[in-house]
Amino acid sequence: MKIILFCQNAYAFGILAPIRDVLLEQEHDFLWYISEKLLDNFPYKNEDYTVSTLDLQRYKSDAIFVPGNEVPYYIRGLKVQVFHGLAGEKKGHFRIRHYFDLYLTQGPYFTDKFNELKKIHKNFDVIETGWPKLDVYSSEKNRYDFEKKAILQQYNTDKIVLYAPTFSPSLTSAPFLLKEIKDLAEQNGYVIFIKFHDLMDHKWIRAYRTLANEIPNVLFKDDKNIIKSLLQADILISDTSSVIYEFILLNKPVISFKNIAEKVLWDNSKVYTGLTEKVLNNFQLDPHAADRAYINMQFHPYQDGKSALRMVNAVKNHIETNGVPEKRELSLARRFKINSMFGKPTLNPFNGEKINKISAILITYNEDIHINAVLENVKFADEIIVVDSFSTDGTIEKIKERPNVKLIQRPFVNYTDQKSYALEQATNDWVLFLDADERIPDRLRNEILETVNSKEPTADAYYCYRIFMFKNKVLRFSGWQRDKNYRLFKKSKVHFTQDRIVHETLVVNGQSGVLKNKLIHYSYKNYEDYKGKMIKYGQMKAVEELKKDYSPNLYHFIFRPFYKFFNHYILRFGVLDGKKGLIICYLNALGVFSRYKELKRLRNLR
């Protein structure tokens, strides 16, 4: 079988890893799909992975394992929901979104409910297998005992308390238990682990980190997989997190605050007080031991560590009986949602012969927040070259992690000089020249491959229109609606003009064309960053204009910036972009003002 392991969030790694192990044992082929936000922390970079749904289309999988709520309907393969938790009371756990062909359930409680829904919808199957994340309970239950013993001795105590709340702003107890956790640590001396979800509000992450720095026996845990903490802890404090059920399956007591379950079978408080007394009571009396036994029987009765194996075999048998679906039929609204999340399907993915190779080129300086994503984005190129101006923010270290990338470090003189040098390094005639803050969507990538490998190319250089992103939102007007640049061209047919040092100009000795699909431009990170860019570009433009024999006056300082703002905000409809448009148009005008301010300074130095 060919399997996709589908990860939208980091918690999926621990759920899918046991399935991956079974696939390796049975010698199936598999491909990880991860969202771009997970690139820096993806733990299996030595295995096949992608951030592109075009790659998933071309992979032609037999099945897709998904520990989440959504999956692209247009990807070939049996779409299998394996769930990301055991909290059946959470809103949406039993909602049928119609994305899945098969639900692999954790235990009788879940199986019965999904079978009832199957009778209504009649478009999916249900098989009970157990949950793969809990296979580790069988193989590693005592793995961390020695380390736990050392921790207890170090802090001269006999218990470890784990605080693991949900991240949901409306449900989390984090804002209310800070003082309670502090009092528990100071009064009883227990070791307290703090383990937060990746999506927890950073305000509370900072607050609890500060607490851990102030109190020695409070330890903030940064490791991605919570299993180790679950195995070591003697009691769990939470709220409405699904981790409660994972902990109860270890037969250890739980204290929650304002849990929303209809039937709570552990110690739950309706107020955010009395934590210390509750911890002592559960350690001494353990009043909910019988309830835990019921949960173990209903939610996950499997103790053999073979849930992942049952899942893989269930999928294999289902495919043998029913075949592999090419896609999932969905309503128009559901298709629209998936397209907005993962991108539209690429029509006619390129699978032809590659008759021409592509060199992807970037120049960089301190692009730590972009470098992993852009290098992943151009991975389809046959050669990747980065010319870096001695970055100091971690960019170099991330580039060096990729053996397929050629890194050259060279002092920066100006943009034209650096890009001209970088272009000379390409060994292939077709060149894809990107900025680090640009991304190639799947449809554009497919168009590039078709264009370069056409037996009769229509041009020697191609413009790309760009979609300007204001943080994570599209800026539709403000002068950017017609923004385009040369990004794909033949090295043998172009050169950069030498009279520009910023906003460099490509001279094409041949035919020019325009690609149909647009590039995405993540130029605006925040106000200060974009302001710095505009001032920098303005100052570099001033160096170009120093050769002109004129002295800037009120016309340049007042009218030119005003016209820049008026042109972009009014004539180019920046007003329709709301606050985003006002900010961008103002900063663009500031760049013009900075140009003439710097020009005046340079003239005075003569």
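The structure is a predicted model, in which local features require a pLDDT of at least 70, side-chain atom pairs count only at pLDDT 80 or more, and totals for chains, interfaces and linings use all residues. Residues are numbered from 1 along each chain as its sequence is written, and side-chain values use heavy atoms, with hydrogens and water left out.

The chain contains 20 helices and 25 strands; helices (H or I, at least four residues) and strands (E, at least two) are DSSP runs, numbered from the N terminus. The C-alpha trace spans about 90 × 60 × 45 Å along its principal axes. Of the 606 residues, 55% count as buried, where buried denotes under 20% relative accessible area, exposed over 50%, and partly exposed the range in between (1.4 Å probe, protein chains only). The accessible surface of the chain amounts to about 28200 Å², and carbon and sulfur atoms contribute 50% of this area. Accessible areas come from the Shrake-Rupley method with a 1.4 Å probe, and for residues only the protein chains shown count as cover.

Contacts were defined by heavy atoms within 4.5 Å. Among the contacts with a separation of 6 or more, 69% involve residues 24 or more positions apart. The chain carries 90 positive and 73 negative charges, whose mean positions lie 6 Å apart. For this count, Lys and Arg are taken as positive and Asp and Glu as negative, while His and the chain ends are not counted; each charge is placed at NZ of Lys, CZ of Arg, CG of Asp or CD of Glu.

S389 is located in the loop between β15 (383-388) and α15 (395-400). With a relative accessible area of 12%, S389 is buried. When residues up to four places away in sequence are not counted, S389 touches T364, Y365, R410, F412 and Q418. The side chains of S389 and Q418 are also joined by a polar contact of 3.2 Å. A polar contact is a pair of N or O atoms within 3.5 Å; within protein, one must be able to donate a hydrogen and the other to accept it, and residues adjacent in sequence count only if both atoms are side-chain atoms. K400 is found in helix α15 and is exposed, with a relative accessible area of 60%. K400 and N317 are separated by 83 residues in sequence and by 43 Å in space, C-alpha to C-alpha.

A search of the whole structure identified 32 salt bridges, each being a side-chain nitrogen of Lys or Arg within 4 Å of a carboxyl oxygen of Asp or Glu. One of them links the side chains of K118 and D125 (3.3 Å, N to O). K118 is partly exposed at 29% relative accessibility, and D125 is partly exposed at 26%. Another salt bridge is formed by the side chains of K228 and E147 (3.0 Å, N to O). Because K228 lies in helix α8 (residues 227-232) and E147 in helix α5 (residues 145-154), this pair ties together parts that are 81 residues apart in sequence. K228 is partly exposed at 23% relative accessibility, and E147 is partly exposed at 31%.

A further salt bridge connects the side chains of D286 and R292 (2.8 Å, N to O). D286 is partly exposed, with a relative accessible area of 25%, whereas R292 is buried at 4%.
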